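Keep it short and give the cut-offs.

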Amino acid sequence: MASAGAGVSAAPERPGSQLSGDRIATAALVMIAVSVLWRAQVASRGFLAADDYVLITQAAESRLTVEHLFALYNNHLMPGGRLLIWLVTEYVGLAYWPYVLLMAIGQAILGITFFRLLRRMLRPSALLLLPLGLLLFSPLTLEASTWWAVGVNMLPMQIAMVLAVSAQVGYVQTGRRRHLVTLASALLLGLFFFEKSILIVPLVFLLTAACYADGGPVRAIWTTIRRWWPSWLVLTVLSLGFAAAYLGRSESSLRRPESVGEVFSFLTQMFGSTVMPGLVGGPWQWLGAGDGAPVASPPQLGTWVGWTIVAAVVAATVRQRRRAGRAWLLLAAYLLMVAGMLAATRLGSAFSGVAGGVPRYVSDVVVVAAICLGVAVVGLARRTDPTVPTTPTQPVTPAVIASTTPAVAATGQPARLVSGHGVIHAEAPVDPEPGPGRAAPEPPPADVPPANPADVPPTDPAESPTPGLLGPVPERYREAVTVVLVLILVAVGLGTVWTTARYGDEWAAKSGRSYIDTVRIEMASAPPDTVFFDAPVPDNVVPRLSSPYNLQSRFFRAFGTRPTFVDETDNASVLDDLGRIQVATIVGSTIQPGPQEGCGYRVGTGQTVRMPLNEPRFEWHWVVRIGYLSSADGTATLRLGDGVAQFPIRKGLNQRFFRITGGGDTVELTVTSGEVSLCTNEIAIGDPAPRPE
């Protein structure tokens with residue numbers, strides 16, 4: 001007997017109801033191309049930001065070693081990202097265009113693989129373009145396609161999610177073990193770039209239970225475990241191995257929320273201000289966040305509009321097909337997993353107030369939302385449960401098929417058979433090679449039209465073919481409903497364009513780009529002996545929380561022409577907040593005026609003179625500037641608390657800059673060599689800064 005999983009392939013939709021497959025594919029490729037070019041244009045308006053510089057600096061300071069690739073960054077394990085950054089830094093330097101190109105390639109791969117998943121998983125329909133459009137254009141994924149530090153984690157994770165789901169669907173449809181290899185490879189790909197990819201494991205399981213297992217929750221879960229256990233074995237082994245490797249290297253990121261109100265505010269912000277508006281083209285307004293990506297800040301009306309549209313889509317699709325309800329429950333479950341992970345790692349910190357409004361934290365949700373929208377609106381590839389009384393070696397004849405499908409028998413023609421645990425791919429055969437114990441599918445004669453879908457009784461009545469999205473709508477209301485749907489779709493599209501354009505405006509304002517461009521110009525025209533004391537770059541370029549990677553000496557490590565940094569010099573320069581080279585002075589504590597007219601404090605050879613400061617200095621790494629008049633060359637020593645620094649003195653009126661580590665309310669100056677009489681009334685201890693003009 002043929003396996004119960006064999007069935008009749010899905011027939012084309014009614015003539016004129018949908019676009020042909022070639023036209024759908026062409027439209028999809030056009031959408032992917034438009035999305036990639038549009039996002040690349042938005043990305044190119046901006047530049048590197050914040051974490052990008054830290055990762056580039058770490059790459060510039062390290063060789064390509066296993067230790068570097070698997071080093072944690074803010075507790076993130078991202079060897080794939082570190083590898084790409086190291087290669088770009090080594091062969092290109094501090095540049096932005098390679099990252100824009102890499103993100104565009106990732107976006108293209110994501111779009112193509114997702115459309116392939118839709119064609120494998122869902123029925124042939126022009127409505128496939130709706131979930132594809134959601135994935136390609138949702139503002140929730142803008143950061144992943146413009147900000148490299150986000151895209152290098154999130155784009156590979158999204159691609160891995162799609163590949164894993166596609167592999168599992170292929171395994172469910174055909175039972176072929178080669179799909180398990182793809183499933184394992186997809187998970188490893190995601191984990192190679194981002195540890196959050198571990199969410200692929202519950203996603204694949206829940207999607208299989210929601211879409212391919214019948215019955216109530218308990219029965220569906222048990223059926224999923226029992227029927228497709230090889231998938232769970234593969235994913236469990238990989239997950240446990242990764243968890244052991246990651247947890248052995250990382251520090252706990254878990255935090256405790258300070259109050260119930262903090263949790264409620266976070267959830268309200270995440271769902272109300274970010275996810276729901278983002279799924280329908282929002283948030284329409286952005287709140288600037290310096291050089292980083294802006295934060296979602298939708299108007300109150302926009303939030304309610306987002307909830308209303310999402311609720312209407314859910315209600316309409318659930319009424320149309322029962323499987324839609326399971327799809328939306330899948331999305332809700334994934335959202336809860338993401339919310340739980342974010343709450344456990346972001347609340348109770350200084351950033352908990354805006355954690356729910358950051359789209360990059362939920363950009364992976366768009367992949368799940370697009371899949372669920374496709375299942376709800378288009379429907380899964382039709383399933384049948386025929387009992388065909390044949391053996392693998394028995395030919396399929398009209399008489400055999402007539403015993404189970406009378407309508408097909410009336411045509412006197414054989415139907416195409418595709419095995420797959422009761423699941424029929426809409427564009428069968430997906431895997432034309434016959435598996436063990438399976439008969440190879442035979443194409444129908446060229447002069448025989450395919451069976452009418454109405455003649456093939458599906459197992460699940462709720463999944464029976466409906467003539468398009470308006471199937472359950474009475475004929476007299478269809479025109480009005482069509483107009484409403486078109487208006488909503490146009491509104492969502494216009495909102496997406498507006499939101500993306502406003503995001504582009506915020507992303508284009510980059511202090512880091514202006515700072516770097518100015519430094520490059522200034523260094524090209526600076527004298528060869530121009531030197532600097534190391535100091536932090538401006539906070540709006542690299543935040544001080546990233547110390548010590550905000551120091552200029554590390555920030556410019558990947559520069560072609562780097563500034564020269566010293567610990568002692570007669571004439572120091574400094575880079576101001578705009579990147580311009582200025583003559584340096586010291587801002588901080590100064591000595592009080594000395595007692596001798598025209599000299600201040602007189603120090604002779606072997607003498608030590610105490611000089612009180614106008615403000616005490618705490619223990620730290622400071623730079624000292626001393627201006628003096630000396631009768632001859634020699635050396636001197638300056639003491640600040642426990643800190644001691646020796647410096648040369650030269651005959652005449654001069655100055656000297658040098659570093660010292662110490663603290664206190666007085667300094668002691670001693671001339672240690674030479675026949676020297678030294679006068680000074682200018683000693684400043686603090687940080688280098690541009691000298692006022």
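Predicted model: local features only at pLDDT ≥ 70, side-chain atom pairs only at ≥ 80, totals over all residues.

Residues are numbered from 1 along each chain as its sequence is written, and side-chain values use heavy atoms, with hydrogens and water left out. The structure holds 1 disulfide and 15 salt bridges.

**Cysteines**

- A disulfide is counted when two cysteine sulfur atoms lie within 2.5 Å.
- C599 and C679 are joined this way, with an S to S distance of 2.0 Å.
- The disulfide is left-handed, because the torsion about the S-S bond of C599 and C679 is about -100°.
- C599 sits in the loop between β7 (581–590) and β8 (601–604), and C679 in strand β13 (residues 677–690), so the pair ties together parts that are 80 residues apart in sequence.
- Helices (H or I, at least four residues) and strands (E, at least two) are DSSP runs, numbered from the N terminus.
- C599 and C679 are both buried. Buried means under 20% relative accessible area, exposed means over 50%, and partly exposed is in between (1.4 Å probe, protein chains only).
- C211 has its closest cysteine sulfur in C372, at 7.0 Å, which is too far for a bond.
- C211 is buried at 2% relative accessibility, and C372 is buried at 1%.

**Salt bridges**

- A salt bridge needs a side-chain nitrogen of Lys or Arg within 4 Å of a carboxyl oxygen of Asp or Glu.
- R557 and E61 form one, at 3.8 Å from N to O. The pair links distant parts of the chain, 496 residues apart: R557 is in the loop between α20 (552–555) and β5 (568–569), and E61 is in helix α2 (residues 51–61).
- R557 is partly exposed at 36% relative accessibility. E61 is also partly exposed, with a relative accessible area of 28%.
- K196 pairs with D364 in a salt bridge, with the closest N and O atoms 3.0 Å apart. This pair also links distant parts of the chain, 168 residues apart: K196 is in the loop between α8 (178–193) and α9 (200–212), and D364 is in the loop between α14 (322–346) and α15 (365–377).
- Both K196 and D364 are buried.
- R580 bridges to D576, with the closest N and O atoms 2.7 Å apart. R580 is partly exposed at 39% relative accessible area, whereas D576 is buried at 8%.
- A network of salt bridges links E568, D570, R650 and R656.

**Nonpolar surface patch**

- L64, L87, Y91, V92, W97, L101, I105 and I109 form a nonpolar patch on the surface, with about 800 Å² of accessible area together.
- The elements that give two or more residues to the nonpolar patch are α4 (79–91) and α5. The largest share, 4 residues, comes from α5.
- Patches are made of residues with over 30% relative accessible area and no salt bridge; like charges are joined within 9 Å, and nonpolar side chains (Val, Leu, Ile, Met, Phe, Trp, Tyr) within 5 Å.
- Accessible areas come from the Shrake-Rupley method with a 1.4 Å probe; for residues, only the protein chains shown count as cover.
- L87 lies in helix α4. L87 is partly exposed, at 33% relative accessibility.

**T113**

- T113 is in helix α5 (residues 97–121). T113 is buried, with a relative accessible area of 16%.
- A polar atom of the T113 side chain lies 2.8 Å from the backbone oxygen of I109.
- Leaving aside neighbours within four places in sequence, T113 is in contact (heavy atoms within 4.5 Å) with V162 and L163.

**E506**

- E506 is in helix α18 (residues 475–508). E506 is partly exposed, with a relative accessible area of 30%.
- The C-alpha atoms of E506 and A289 are separated by 8.6 Å, although these residues are 217 residues apart along the chain.
- Not counting residues up to four places away in sequence, E506 touches W286, G288 and P294.

Note on methods: Polar contact = N/O pair within 3.5 Å; in protein donor to acceptor, adjacent residues only side chain to side chain.
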